[in-house]
Amino acid sequence: MMHMKIYVERPLWDSFQFFNTIRSFFKFDVEFEEYKFKDPHFLAYIRIRSPDKREFYDPFPIEIENERRGLIKGVIYDGVELLKHFCFNIDVSNPAVLITERLIATFGEDGRYHLRMIVMGPAAIISLKGVLYAPAKPLQYYLMHSFGFDDEIEVRVDKVLKMLLLQFYAYFKYNEIFCEKEECMLHNCHTTEEIKKVTGLCEKHRKMLKNVVNLSPLSSKKK
Amino acid sequence: MSEKILAKVGEKDVTSAIIDGFYGMLKEYTNSDVIIVGAGPSGLMAARELAKAEKKVLVIERNNYLGGGFWIGGFLMNKVTVRAPAQQLLEELGVPYEMYTEGLYVADGPHACSKLISAVCDAGAKFLNMTSFDDVVIRDGRVAGIVVNWTPVQALPRQITCVDPIALESKLVIDATGHDAFVAKKLEERGLIKTRGHGSMWVEESEDAVINHTGEVYQGLIVTGMAVSTVFGLPRMGPTFGGMLLSGKKAAEIALEKLKELE
Ligand SMILES: [Zn+2]
């Protein structure tokens, strides 16, 4: 029987609010476990230093020390390297996902790093901060920020989490990568506006995934 | 007959006063506890904290004016913003400020900057302005001072730049030179550290990252302020100054610990 294992990185575990939302979303068992990376040197090593260079450096002692103490605000990690490292430590015969507060980015074909909500491979890493930061916002948001004002970010985290987990599941089980239909949960959203347009699953994916997810929670809880 | 308002002194007395005052100070500060390179908000904050702790502090500034970018906020507008809890530092310095939104405070740039400069002077730190950082002094594998020259020397035509710099010694050096990270870059030229350059994508928490990474990057060299971004390749940040002030304060705390270890 298929099940999914979701690791939540410490210290996010203590404040994580979506255990029940996720459990009731999937029709199969979801197991949660607290997770901690054990190699602060490696984490410091795979930090992104420049938006247009994929280059890793031997970390300074203070970077390793900050990793140890969890002082990682404002630090961005190479998502591919972090995922490889994570996969090495876990069983990937069933879908496994790490939910973290770390910011992750991947190096694109345009020669630049881009912040990501999710990085997928044999397992997946979802960045909760990435959910807030990665999707492009309306221009007004950036204008306010350039003057130092914190405008509230309007993202329904529970909805996006469900979308990302389902996207990984579809990829893991059916090798299905994203959906063209903008209302479909498997649509690869790049902006907050696109996320708003997602209402459920398209016909094709409803057939594929109807035995996997309970769709009612998504449509009933409109903001 | 009109009475003289100002006391009568000879021109040579004026010159002597300047020379004696300046060279007396310079001679005394050929050796300090801490040399801070750069008199922007983080450098000034570090200087104030260290001088308050009775350390002998010399601040080097390449410009005539002190304060760096702290006089103005974004877009040449002379309001500076800080995020909580940095308003406590404004409070401490006696800078009037207002809350703009929850957690965001705004103050007059000229008021904040002049108060900070005067707090550094009151605490007893000394300045060498119009003085440019030229090189580091390295002894027994640690930074033990800096080499400086008059800023105008850099602007002279090559054939008359035979003005040799001078060395100033200190137990610690703090690099507060902003994006340039001049001191750290000098160590990099010598193959002693590797800086990461900066300009990563913008994230909201970059100020936190600067504070968290403020620290010693080579024996005897502490980095603070925007120089931290350059050394560690941290994301760029917006025109708010709380991170700079708190980074300066942290640099001073680390310096005090290191000085204690050196005793
Ligand atoms: Zn679809």
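The questions and answers below concern a predicted model.

Me: Which atoms coordinate the zinc ion, and what is the geometry of the site?
Reply: The ligands of the zinc ion are A:C179 (SG), A:C184 (SG), A:C202 (SG) and A:H205 (ND1), at 2.0 to 2.3 Å, and in sequence these donor residues follow the spacing C-x4-C-x17-C-x2-H. The angles among the 4 donor atoms run from 95 to 115 degrees, and four donors count as tetrahedral if all angles lie between 85 and 135 degrees. The site of the zinc ion is therefore tetrahedral.

Me: Are A:C179 and A:C202, two donor residues of the zinc ion, buried or exposed?
Reply: As donor residues of the zinc ion, A:C179 and A:C202 link distant parts of the chain, being 23 residues apart. A:C179 sits in the loop between α8 (157-174) and α9 (192-197) of chain A, while A:C202 sits in the loop between α9 and α10 (203-209). Both of these cysteines are buried.

Me: How many residues of α8(A) are buried?
Reply: α8(A) has 18 residues and reaches 25 Å from its first C-alpha to its last, close to the 26 Å expected at 1.5 Å a residue. The residue that follows α8(A) is A:N175, which has a positive phi near 55 degrees. The helix itself is mostly covered, and the number of its 18 residues that are buried is 14.

Me: Which residues lie closest to the centre of the largest pocket?
Reply: The largest pocket holds about 880 Å³ of space, and 37 residues line it. In chain B, α2 (41-52), β7 (131-139) and α6 (182-189) each contribute at least two residues to that lining. The lining residues closest to the centre of the largest pocket are B:G68, B:G69, B:T177, B:G178 and B:H179.

Me: Is B:G145 buried or exposed, and what is its relative accessibility?
Reply: B:G145 belongs to strand β8 (residues 142-150) of chain B, and beyond its neighbours within four places in sequence it is in contact with B:V136, B:V137, B:L168, B:E169, B:S170 and B:V173. B:G145 counts as buried because its relative accessibility is 0%.

Me: Why does B:P165 count as partly exposed?
Reply: B:P165 lies in the loop between α5 (151-154) and β9 (166-175) of chain B, where, not counting residues up to four places away in sequence, it touches B:D134, B:V147, B:V148 and B:N149. Partly exposed covers the range between the 20% limit for buried and the 50% limit for exposed. B:P165 falls in that range because its relative accessibility is 32%.

Me: What is the relative accessible area of B:D140?
Reply: Most residues other than glycine have a negative phi. B:D140, in the loop between β7 and β8 of chain B, has a positive phi of about 50 degrees although it is not a glycine. B:D140 is exposed, with a relative accessible area of 78%.

Conventions: Residues are numbered from 1 along each chain as its sequence is written. Chains are lettered from A and ligands numbered from 1 in the order in which they are written. This is a predicted model: local features need pLDDT of at least 70, side-chain atom pairs count only at pLDDT 80 or more; totals for chains, interfaces and linings use all residues. Side-chain values use heavy atoms; hydrogens and water are left out. Helices (H or I, at least four residues) and strands (E, at least two) are DSSP runs, numbered from the N terminus. Buried means under 20% relative accessible area, exposed over 50%, partly exposed in between (1.4 Å probe, protein chains only). Contact means heavy atoms within 4.5 Å. Donors are N, O and S atoms within 2.8 Å of the metal (3.2 Å for Na, K and Ca); water is not among the atoms, so sites may look incomplete. Four donors count as tetrahedral if all angles lie between 85 and 135 degrees; four count as square planar and six as octahedral if opposite donors are over 155 degrees apart and all others between 65 and 115; anything else is irregular. The expected span of a helix is 1.5 Å times one less than its number of residues. On a 1 Å grid over the protein atoms alone, a cavity is a set of points where a 1.4 Å probe fits but cannot get out, and a pocket is an open set with protein on both sides within 12 Å along at least five of seven lines; lining residues have an atom within 4 Å of a point. Grid points are joined across faces, edges and corners, and a volume is the space filled by probe spheres set on the points.
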